[in-house]
Amino acid sequence: LLCGALACESAEAPVRPALPVVVAPVVEETVPLYAHWVGSVAGYNNAQIRSQVRGYLLKRNYEQGTQVEEGTLLFEIDPREFQAALDAAKGQLGEALATLKNSKMHVARYGPLAKDGAISQQEYEDALQATAGDQAAVASARANVESARLNLNWTKIKSPIGGIAGISEAQIGDLVSPSTSLTTVSQLDPVKVRFPVSEQEYLRFINALGRPADGKFTGVGAILQLRLADDSLWPHPGTPFILGREVDPLTGTILVEGRFPNPGNTLRPGLFARVRAHLGDQKGALLIPQRA
């Protein structure tokens, strides 16, 4: 009776129903191939503005953060010391010219006398040597005048390029020198976007686009797309332009530089950027839904 009771309790477990399986067709299509990199924006030209002479900053002549043209006066340094140095150099040049004039007069007078034997040949040769020395002194004095004039001109600091002039790093009254950075002027249309690519991506890149000639990509066209930090797509495509010299042994990457139009100077140096490049199409690719 006990076994019979146990047998009654060990009834078979119920069979679970089969799980549903979702089936999707595989599609054969031509698929564009893209490569993605992370980089940053840089100015096309970036001129760091420094003083070439030491002196007190007298004026700032530009509106910070605005467009300036090549040759625009940016800063002025107190010119009085340099004007005095130029005046002194001009005075020394005048003295040297007067001395040279006197030496030439001696040579002109001693020549006939030496020929007639009224003075020794040695005296005549000494006069010639004195004239040569005075000519060298005049040349040195002229160089000092030119150097003083350059120093005076350098008290007016002008922009070497056209572009956006940054915020001034020096204040009026500061003692500035050639080691002092005053501001930076950047040409922002177009801008450069630099991004490192791995060795494998580099080989794919040049196989798809052609090997660069002299470090530059020619005939590739505007194949680069740019996404910014807010995930917006920059509407102006860019062109790969320069390939770096070497692969970095620490990161295994090589630097590539692309150039993008920047109307309105919207893009600024240092902006985060994601770069995408169309490297061709793969025909006959088999596709399944992304969620699979």
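**Starting from one arginine**

Guide: Arg-204 lies in helix α4, which covers residues 199–209. Helices here are DSSP runs of H or I with at least four residues, strands are E runs of at least two, and both are numbered from the N terminus. Before we go on, this is a predicted model, where local features need pLDDT of at least 70, side-chain atom pairs count only at pLDDT 80 or more, and totals for chains, interfaces and linings use all residues. Residues are numbered from 1 along each chain as its sequence is written, and side-chain values use heavy atoms, with hydrogens and water left out.

Visitor: Good to know. What does Arg-204 contact, leaving aside its neighbours within four places in sequence?

Guide: Arg-204 is in contact with Tyr-34 and Leu-279 once those neighbours are set aside. Contact means heavy atoms within 4.5 Å.

Visitor: And how accessible is Arg-204?

Guide: Arg-204 has a relative accessible area of 43%, so it is partly exposed. The cut-offs are under 20% for buried and over 50% for exposed, with partly exposed in between, using a 1.4 Å probe and protein chains only.

Visitor: How far apart are the C-alpha atoms of Arg-204 and Asn-61?

Guide: They are separated by 50 Å, and the two residues are 143 residues apart along the chain. Another pair to look at is Ser-140 and Val-21, 119 residues apart in sequence, with their C-alpha atoms separated by 96 Å.

Visitor: Where is Ser-140?

Guide: Ser-140 belongs to helix α3, residues 121–153. Its relative accessible area is 40%, which means it is partly exposed.

Visitor: Zooming out, what box do the C-alpha atoms of the chain fill?

Guide: Along the principal axes, the box is roughly 165 × 45 × 45 Å. The radius of gyration of the chain is 39 Å, whereas a compact globule of 292 residues would be near 19 Å. That radius is taken over C-alpha atoms, and the globule rule is 2.2 Å times the number of residues to the power 0.38.

Visitor: How much of the chain is buried?

Guide: Buried residues are 30% of the 292. Of the contacts with a separation of 6 or more, 77% are between residues 24 or more positions apart.

Visitor: Now the strands. How many are there?

Guide: The chain has 12 strands, along with four helices. Two strands count as paired if DSSP finds at least two bridges between them.

Visitor: Which residue in β7 is the bridge partner of Tyr-56?

Guide: Leu-175 is the partner of Tyr-56. Strand β2 (residues 55–60) and β7 run antiparallel and are joined by two bridges.

Visitor: What pairs with β8?

Guide: Strand β1 (residues 27–50) pairs with β8 (residues 181–198) over 10 antiparallel bridges. Strand β6 (residues 163–165) also pairs with β8 in the antiparallel sense, over two bridges. Strand β11 (residues 253–260) and β8 share eight bridges, again antiparallel.
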